[in-house]
Amino acid sequence: MARAAQLEELGTAPPLSAGEWLRLNRAVVIRHAVINLFMVIILLPLAWVLLMSVKSLPDAMRGNLWPRRFDFTHYGFVFTKIETLPINLFNSIYVTAATVLITTICAVLAGYALVHLRPRGGPFVVAMLLASLYFPTRVVSIISIYEIQSFLGLINSTSGLILPYITLNLAISVLIMRSVFQLIPHELMEAAKIDGAGPWRTLWLVGLPMARNGLVVVFIVNFVTAWGEFLLCTTLTNDQTARTMPVVLAGAQGGLGQWAWPRLAAVYVIVVTPGIIAFTFAQKLFFKGLAEGVVKA
Amino acid sequence: MTRRTEQELLLRRLWRERLLRGEIDRRTFLTNSLVAGLGMAGVGVAAKYGIGSALAQDRPLTPTYYQWIVDLHPSIPQVNAQFPGINAQIAPVEGFGIERFVAEAKNGESTWDVYVGQTPFVEMSAMIAADVIEPWDPYIPKDVLDDMIPSIRAENTIDGKLYGWPFLLDVIGMGWHSGITNKAGLPDTPPATWDEYLANAKAVVDSGAAPFGATFDAHGWRSLAPMTHSLDPNVYTADGLFDFTSDQAIEALMLMKKIMALSHPDILLAGASDGGVNGTPDEVAFAAQRVGYYTKYFNAPLRMAQYWDDPGELHLAPQPKFTGGAGSTVFWTTGCALFKHGKNKEKVAEYIRALTYDPQIWQDSIAGTATGHPGQLPPYKSIYAAWDASPPDWMPPFVGLVRSQLDQARAITNHIFGLQQFVIGQPYWETYLKGEEPDPRAAMQKVVEAVQAEIKRG
Amino acid sequence: MAQALTSRWPRARDGISPWLFLVPAVAFFVGYQVYPIFRVVWISFTDYQFLTNEPARWVGLDNYAVALNDPLMWVSLWRAFLFTMMFLPGTIILPLLLAILIDRVTSPRLATVYRVILLIPAVIPSTLVFVLWKWMYNYQVGPINHILVEVLGLFTVHNAPQWLGGTSLTLPSIAIMEIWWGLGYHTIFFLAGLAAIPKELPEAARLDGANEWQIFWHVTRHGLQPIMMILIVLRFGTSMAVIDEYLIFGGFNRDSPTYTWTIYMYDQAFKLGMWRQGFAAAIGMIGAVVMMFFVAILLYIFRRRG
């Protein structure tokens, strides 16, 4: 096992015969083969989109994977056609970041309180949160939320979107944090209490470091929803400059005016790339947190 | 971005005036200005003093467009430039939803003055029922009203009142790919009757010029209704519903089945956008140059031909007719709806007049631009008359053909179920098309029953 | 600050202090969730029609009686259940397998690469995911059918599979799309769960002679319990109540397997006639009750084993 690990580390073949090497490392080879198969499944459709974005129009409408003629003008088309794209992208980043941050704070506080402070009515709150996941509010939620936002004067406000966005995943976020805090032994918290720490200090110094894993999950759940949200944004905003990216994109693909496929593919690449770059950096922080988050006590 | 700043400035000016007039105290003025500057900072205050109502008093002309219209007609901004201060927006109506309009009307308000994107048989009845829109009659100039092609004016009129100001005309016609049909040894003259159409489509398949001969859009208002109209357009019941069990409709249904035998197998499947209504399989097959003949509104073949190796191989003609039939078809306009609670109504009429008569928009629509080729036509007699008098060099022949067919063409009758009757009925008449039900009349009877059941519920 | 709060600590159990922590979450929850829920419950007992300005009248259980006697109600619920059965196992088991494999990758650089790739689908907004798969599955020019017809020659242009648009393949196709979309992101969930299991535990079990399966069953599975439960409960809910995908890939054709109770509800609330939202709300409430019944069973199962 240790040798296999070493091999992985080096990534080079040792001076062994191929057959012998394979025999020694069969588990590692199979494992990486399976992992890479999944990776290919994830990446292949996206590679196809990348190729689509540089196909000429006639080639876009042929099944053949490799185009007869390349056409790189589609990217230019996108920027001239959606002048507001940088603003929309910024709106998306702003709304998503704020939503993720606020929801996470709410969820951590609530999850901690529900498990370790055991408030009166706690189980009722949990039951309500759980039940809310299954209510068909879709029929009326868009109208109800429109009314609330209208009352608050937040129609057509990009910042105003944050409020309903927070609620989209609030219930599940609280439930996630609750189950994460349940994993932390109550005795640990009691120990902090005996040491004279208040509930806030206990959360900050003992609870939070141990709940990092849950934070990652809550972050991602909220990121995915807020980043891709469409219906609320299209209903609650009027100006192209106030809207987030998915709404502006949907306009490009829907309706009679749907764009030629390669141009849509170019939008795809333009939109997804910053997300991937952002995540490449963000994931380091995430997983560093994860690695250190293992129980130290 | 600039637009929003302007709005904020406007608000601030308004409040300053109110402060000077002594209507509000200094503190309210400050908080209100803060709200305008900071958006959500003073949420409660905004609610109390009403940003919305303040804006409505002196807001600029505010039209809102269905996205595709702006995408397909790149000259609209030039019309907007003639109206300084205009605040043109994109409407939140993805998938043809009008929820936001209705919700605002219930509060007795409207963010916009006019909606450009209303199709009468699709949503006009609902907009009227929900008290969202009001008639144009007090605002539209008489010469414009008289200039409308009569069938189009009738389409936009309910109870004698004009609820839609027509803009873009779509007519169901025919297109074909001459690269394919020539290969099959067919001439470049359009098939005039459905029998010829079927024979030509069969020749395409038999010769191997393309895998499929002909296609249509399976949505009833784009195939069943126009094919029925080609035999006889008077197929509406006294209630204003499509008469599915009429002999004409049955004949059209049987025609659809004959075309299907020469078409791609996925023809009946739902489309890939707007609730299955757009991005339909027929479009992809035509764009992929796999089918010879196509009947749909002209925008579809024109838009799909941009994917061809040679878009010049597209030919357009009126929809074929049944031998001895009326030779009619279906048309609809997409036009403008006047919000009851909107503002600037005289100004709106001025704007829509400029928009719908703009020569550049029509040239772009008919001749095409780098970004699109909608092929949508104007609703006014005078425009066609001017073209007849001195034909522009960019004028393709199909426009004249369509114009002449328009005198026989008929819109689908306005009804709250105008569009929905076809959505509800489609699975039932498709039992015949799929061969599950051998009797077309029995299938159509089920359609009528299903539509009636839904109407009775309300 | 800390001291002031410390003094409250002894009373925490029965005092208001715990509620201070709950206030932010509950405030948002009440504002944007409880209000719509109450509204939908109330509307379901009325004849409310959105397009009219007539006030809603109380009709008691009438809407429920009509809905329960409507065969479409039951068919559409069954379709949603079928989809859930296709989707749920794949979206739990595959990421779990992948997470266990990736968790053992010792090279930090490789692990980073894998994790970044896993997260790529998660940064794609839903509208774009749908666009992508509508291309993938396209009958005429999609790469899947191209490979099946032109490359492998398994089908012809006349009998190739029709994936989307309301055929019997549509629900499985959407399930595959959803599993693809969630594959990476659920794997990250499980990786987070695995990271919380002290490494000593499986090591100790291995020294005791436990095989891989026994280690998974007795150590790993137990550690992943909370994540697993959250995922199953969450995904059960979302898959029973899928709506956007069906709207896009199936439309409002009542014969389509995508016409589930959510589409039926949406159709009644925003499309048909005068927009009978009272009836639509009743359809939704019936769907909710059915879902909550199954969730209660799921929770009960997990409670017993955990």
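Chain B is divided into three parts: domain 1 spans 2-57, domain 2 covers 63-169 + 331-406, and domain 3 takes in 172-330 + 412-457. The model described here is predicted, and the predictor gives the whole complex an ipTM of 0.81 together with a pTM of 0.84.

## Domains 2 and 3 of chain B

Taken over C-alpha atoms, the centres of domain 2 and domain 3 of chain B are separated by 26 Å. Their contact draws 20 residues from domain 2 of chain B and 19 residues from domain 3 of chain B. On the domain 2 side, the elements that give two or more residues are helix H8 (120-129), strand E11 (331-339) and helix H20 (398-406) of chain B. H8(B) gives the most to this side, with seven residues. By class, the domain 2 side has 14 nonpolar and six polar residues, and no charged residues.

## Contacts between chains

Chain C meets both of the other chains. Its contact with chain A takes 84 residues from chain C and 92 residues from chain A. On the chain C side, the largest share comes from helix H2 (residues 17-43) of chain C, which provides 19 residues. The side of chain C that touches chain A has 61 nonpolar, 17 polar and six charged residues.

Between chain B and chain C, 33 residues of chain B are in contact with 32 residues of chain C. Several helices of chain B each supply at least two residues to the side that touches chain C: helix H7 (99-106), H8, helix H15 (281-287), helix H21 (420-433) and helix H22 (440-457). The largest share of this side, four residues, comes from H21(B). By class, the side of chain B that touches chain C has 19 nonpolar, eight polar and six charged residues.

## Helix packing around H10 of chain A

Two packed helices are described by the angle between their axes and the distance between the axes. In chain A, helix H10 (residues 170-183) takes part in a packing with helix H7 (residues 122-132) and in another with helix H13 (residues 212-228).

The axes of H7(A) and H10(A) come within 9 Å and cross at roughly 130°. H7(A) and H10(A) are therefore oblique to each other, and their crossing is left-handed. From H7(A), Val126(A), Leu129(A), Leu130(A) and Ser132(A) meet Ala171(A), Val174(A), Leu175(A) and Arg178(A) of H10(A). This contact has six nonpolar residues, one polar residue and one charged residue.

H10(A) and H13(A) pack at an angle of about 170°, with their axes 9 Å apart. These two helices are therefore roughly antiparallel to each other, and H10(A) passes H13(A) in a right-handed crossing. On the H10(A) side the residues are Ile172(A), Ser173(A), Ile176(A), Met177(A) and Val180(A); they meet Asn213(A), Gly214(A), Val217(A), Val218(A), Val221(A) and Asn222(A) in H13(A). The residues of this contact divide into seven nonpolar and four polar, with no charged residue.

## Confidence along the chains

The overall confidence of each chain is set out below.

| Chain | Mean pLDDT | Residues with pLDDT of at least 70 |
|---|---|---|
| Chain A | 80 | 87% |
| Chain B | 86 | 87% |
| Chain C | 84 | 94% |

In chain A, confidence is lowest in helix H1 (residues 2-10), at a mean of 48, and highest in helix H3 (residues 26-52), at 90. The pLDDT stays under 50 over residues 1-7 of chain A, for which the model has seven contacts beyond four places in sequence. It also stays under 50 over residues 293-297 of chain A, where the model has 10 such contacts.

In chain C, helix H1 (residues 2-8) has the lowest confidence, at a mean of 41, whereas helix H4 (residues 71-103) has the highest, at 93. Over residues 1-14 of chain C the pLDDT is below 50, and this stretch has 20 contacts in the model beyond near neighbours in sequence.

Where pLDDT is low, the predicted coordinates should not be read in detail.

Notes:
Residues numbered from 1 in each chain as written. Chains lettered and ligands numbered in written order. Predicted model: local features only at pLDDT ≥ 70, side-chain atom pairs only at ≥ 80, totals over all residues. Axes fitted to C-alpha atoms, helices over the stretch in contact; angles between N-to-C directions. Parallel < 35°, antiparallel > 145°, perpendicular 65-115°, else oblique. Left-handed = near helix turned anticlockwise from the far one by under 90°. Contact = placed C-beta atoms within 7 Å. Nonpolar A, V, L, I, M, F, W, Y, C, P; charged D, E, K, R; others polar. Domains from an automatic or database assignment. pLDDT = per-residue confidence, 0-100.
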